[in-house]
2 protein chains.
Amino acid sequence: MLISRDFLSMQSIQTLGAQVYFYQEAYAQLSNHLKGSNYSSVFVLVDENTEKDCLPILLEKVEQLQKATILRIPSGEENKNIATCLQLWESLSEADADRKSLMINLGGGVLTDLGGFVASTFKRGIDFINIPTTLLAMVDASVGGKTGVDLGPLKNQVGVIREAVMVLVIPEFLKTLEERQLVSGFAEMLKHGLIQDFSYWQQLSKTQQFGTLEEHIHRSVSLKNQVVMKDPTEKNERKILNFGHTLGHAIESYFLNESEQETLLHGEAIAIGMVLEAYISSKLTGLPEDQLSDIKTTFKRFFKSVVFTASQIESILNLLRYDKKNSYGRVNFVLLKSIGEPVIDVQVPEDLLKSSFAYYME
Amino acid sequence: MLISRDFLSMQSIQTLGAQVYFYQEAYAQLSNHLKGSNYSSVFVLVDENTEKDCLPILLEKVEQLQKATILRIPSGEENKNIATCLQLWESLSEADADRKSLMINLGGGVLTDLGGFVASTFKRGIDFINIPTTLLAMVDASVGGKTGVDLGPLKNQVGVIREAVMVLVIPEFLKTLEERQLVSGFAEMLKHGLIQDFSYWQQLSKTQQFGTLEEHIHRSVSLKNQVVMKDPTEKNERKILNFGHTLGHAIESYFLNESEQETLLHGEAIAIGMVLEAYISSKLTGLPEDQLSDIKTTFKRFFKSVVFTASQIESILNLLRYDKKNSYGRVNFVLLKSIGEPVIDVQVPEDLLKSSFAYYME
C-alpha cells in the first residue's frame, strides 16, 4: 500500500490544552476518546450547512455518534450572539445535559466560537471538541482556545479563553466549500507566512490552485500553535496574530452593519487589513518597499479589490476605537519590520491610517 | 494603642488566585492595588441596597474610586440572569471598557456571582475584585472562584470558575443587614463546622448573639479555602462543600418558583437541607444518633421550621434531577460519617429522601 507523503507528515499537534488530529487519524482518535471517556451524553452542534454536508460523513465514520443529540443553530455571523447561546443553554438543560456531557462543534469559526463559549459556560464548563469545517476555522480557530460571541456590531465582545479537549482537522469537509470561502481561509495562511516565516509566504504566494491548499493546513496550524504556546493569554508575543486584524476587523464590522453593502468574509476583510498595515509598516517600522509591493500584488491577485469612499473610511476609523484589543482608548497595531519579523504595540498617526487606504486603492 | 485580639488574628488568606483581606487592611490593599495596577478604567457594580448602605463608605475610604463609573443592577435572585448580564456587557461597551478595565463587585452573593461572570466573559475576561456585603457572601462566595447566573428556575446553570484578583471582607457592611440575612449566612458557617471541624461546630452552635458572628468569619473563610485549594475544579474533595445543598438547592428553587410562597433565603434552605441530609447520613453512613439530634436541635433553634405538604415534597424531589452536580441522571449526595467527617458521591434510595422530610417535621 502506498502512503502519501502528505499523510505521513500529518503528525498530531499538541496545543496548550488540546491535541489536533488530522485526516483519518482524527476519526480514530474521536472514536477512542468516546470509548474511553464515559460521557453521560453527547451533543453535536451543527448549522443547516454542516448538517447537510458534514454530519452524515461524521456519523458514518464514528459509529458511537449515532446516539448523539443534534443541536441546530442557523449559520451566519449575525446569529453569533447571546440570544443563540441562550437557546442552546436551554436546549442542553432540557435534554438533561450534565457536567459529564460532551459537546462536539461541527462547523466554521462562527459555530466553533459560539459552541465553545456555550460549552465553557454551561454548568461552569463541560468538555467540547471542535471539528472545523472551513479552511479559515481549520487554520485559525482550531488552536488558541478563543471562544466568544458578538455584542451588536462588536465582534467577540463576550467570551472566554478555554481549549477544546480535542480538535479534528478533516480536509474532506472542504470539498463542499465554495471557492470564495476557501480563499477567505487562505488569507490567514498568508498571514502566518508574513508574521513568522518568509519561505512559507513565498511558497503560498505562488499558489495556482486552491484545491491544493489542504497540504499546507498542517504547517499553518503548527505555526499558529508555536505562537500561542509562547503566550496563551495574549500579553505579548501572541499579539502578532493580529497583524492585519486591527483595520481588518473594523472593515469587517463596517460591512456587516451596512445592510446595503455586500458582506465581506473575514479573510477578505483582513486581506485588505494586511495591505493597509503593510503600507503603514513601510512608513513606521522599515518594511522594505519591494516586500510591500510583493504583499500588495499578492493580495490583489487572490482577492477582489474594494473601493472605499471618504465617508466609509471615516466610519471604519470610528469603529477602530471599539476594537477589544485597544487599551486606554489608544489603538495598538502589529506591524512588520520585514516579512517574518513583526513588531507589536505600535501607535499609528491618524493621517497614515487614511493614506494607507489611498495606497490600497492606487 | 490597644490592638484587639481579633484584628491581630485577621491575617490575609491566600486562595488559588486571589488574596482575601480583612477589615482596615482591606481598604489599604485596595488603594495600593489601584495605585499599582494602571487600570484604564474602574467600574463599581452595586444594587439599590449597596448603593445606599455601602458605596458611600467605600468611596470615602478609597479616594481613587471617586472617578469610578457606577453600574447598577436590581437586587434579588430573580435578576441573576442572562438578561441582566447583557445589560451590563452593553453598559461596559458603551463606557468604552477595555481589557485593562477593572470591575469591583459590591454586594451579596447574587451580585458577586453575576458580576464575576460578566467580568470573566467581557472581552474574554477582565480583572474583578469582590467586596461581599452579606455574611453569606463573605463566608461562602468569597473564595472558590465560582461565578454564574440562573437559567429560569435552574440555579447557576451558566457560569465559569475564575478567581477575583482580590477579595475584601469588611464586616462593617454587616451592620446594615437584617438579622434574617445574618442568620442565613450563619448556616454556611455551621456547615464548615459539620464537614471539617467538630470543635468549630460546637463553638458556633453555642452562639447567643448574632452580632458576635463577625469574629468567626476569618475561620470560616480559611476552612473553606483549605478545601478549595485541594481541589479547585471540584473533582472530589471540594464536593464536601455541597453538604446540605443537594436537597437545599431543590428546596430553594421550589420556593423561588412558587410565587405564592414566601421565598426562603439560601441559608434557610440549606439549613433544612443539612437536617435532611444528616438524617440520611444516620441511615447510610453511620452518623451517630446523638450527633444527628444535636444537628437537628441546633438548626431548629436558629431557623424557623417549615412545613412541607406531600405534593410539595414531590415537586422538590422532581427538581433534584436538574441539580447541576448530578451526573448520568443520578443524584449524588455528600453525607457524614460523623461531624467533621464527610463522605462524597453517595446515592440515596427514594424512600429515604421522603422519610428525611418526615424526620425534619417531627
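In the predicted model described here, Val149(A) stands opposite Val158(A) in strand E8 of chain A. The two strands concerned, E7 (residues 149-151) and E8 of chain A, pair in the antiparallel sense over 2 bridges; strands are DSSP runs of type E with at least two residues, helices are runs of H or I with at least four, and both are numbered from the N terminus. Pairing itself requires at least two DSSP bridges between two strands. Together E7(A) and E8(A) make a hairpin with 2 residues between them, and Gly152(A) in the turn has a positive phi of about 60°. Strand E8(A), residues 154-158, is mostly covered, with 5 of its 5 residues buried (under 20% relative accessible area; exposed is over 50% and partly exposed lies in between, with a 1.4 Å probe and protein chains only).

Residues are numbered from 1 along each chain as its sequence is written, while chains are lettered from A and ligands numbered from 1 in the order in which they are written. As this is a predicted model, local features need pLDDT of at least 70 and side-chain atom pairs count only at pLDDT 80 or more, whereas totals for chains, interfaces and linings use all residues; side-chain values use heavy atoms, leaving out hydrogens and water.

Chain A also holds an open sheet of 7 strands with mixed pairing, in the order E1-E2-E9-E6-E5-E3-E4. Its edge strands are E1 (13-14) and E4 (69-72), each of which pairs on one side only. Within the sheet, E3 (residues 41-46) and E5 (residues 101-107) of chain A pair in the parallel sense over 5 bridges, and Phe43(A) has Met103(A) as its bridge partner in E5(A). Helix H2 (residues 23-37) of chain A packs on this sheet, touching E2, E3, E5, E6 and E9, where contact means heavy atoms within 4.5 Å.

How is chain A divided into domains? The assignment, which is automatic or taken from a database, gives domain 1 (5-176) and domain 2 (179-361). The C-alpha centres of domain 1 and domain 2 of chain A are 26 Å apart, and their contact takes 31 residues from domain 1 and 32 residues from domain 2. Between them, the domains of chain A bury about 2,800 Å², 66% of it on carbon and sulfur atoms; this is the accessible area (1.4 Å probe) that two parts lose on being put together, summed over both. Leu135(A), Val139(A) and Lys155(A) supply 22% of the area that domain 1 of chain A buries against domain 2 of chain A, more than any other three residues.

Asp113(A) lies in helix H6 (residues 109-121) of chain A and Lys80(A) in the loop between E4 and helix H5 (82-94), so the pair ties together parts 33 residues apart in sequence. Asp113(A) is buried at 12% relative accessibility, and Lys80(A) is buried at 3%. Another salt bridge brings together the side chains of Lys296(A) and Glu362(A) at 3.9 Å, N to O. Here Lys296(A) is buried, with a relative accessible area of 13%, whereas Glu362(A) is exposed at 68%.

Terms used: Axes fitted to C-alpha atoms, helices over the stretch in contact; angles between N-to-C directions. Salt bridge = Lys/Arg side-chain N within 4 Å of Asp/Glu carboxyl O.
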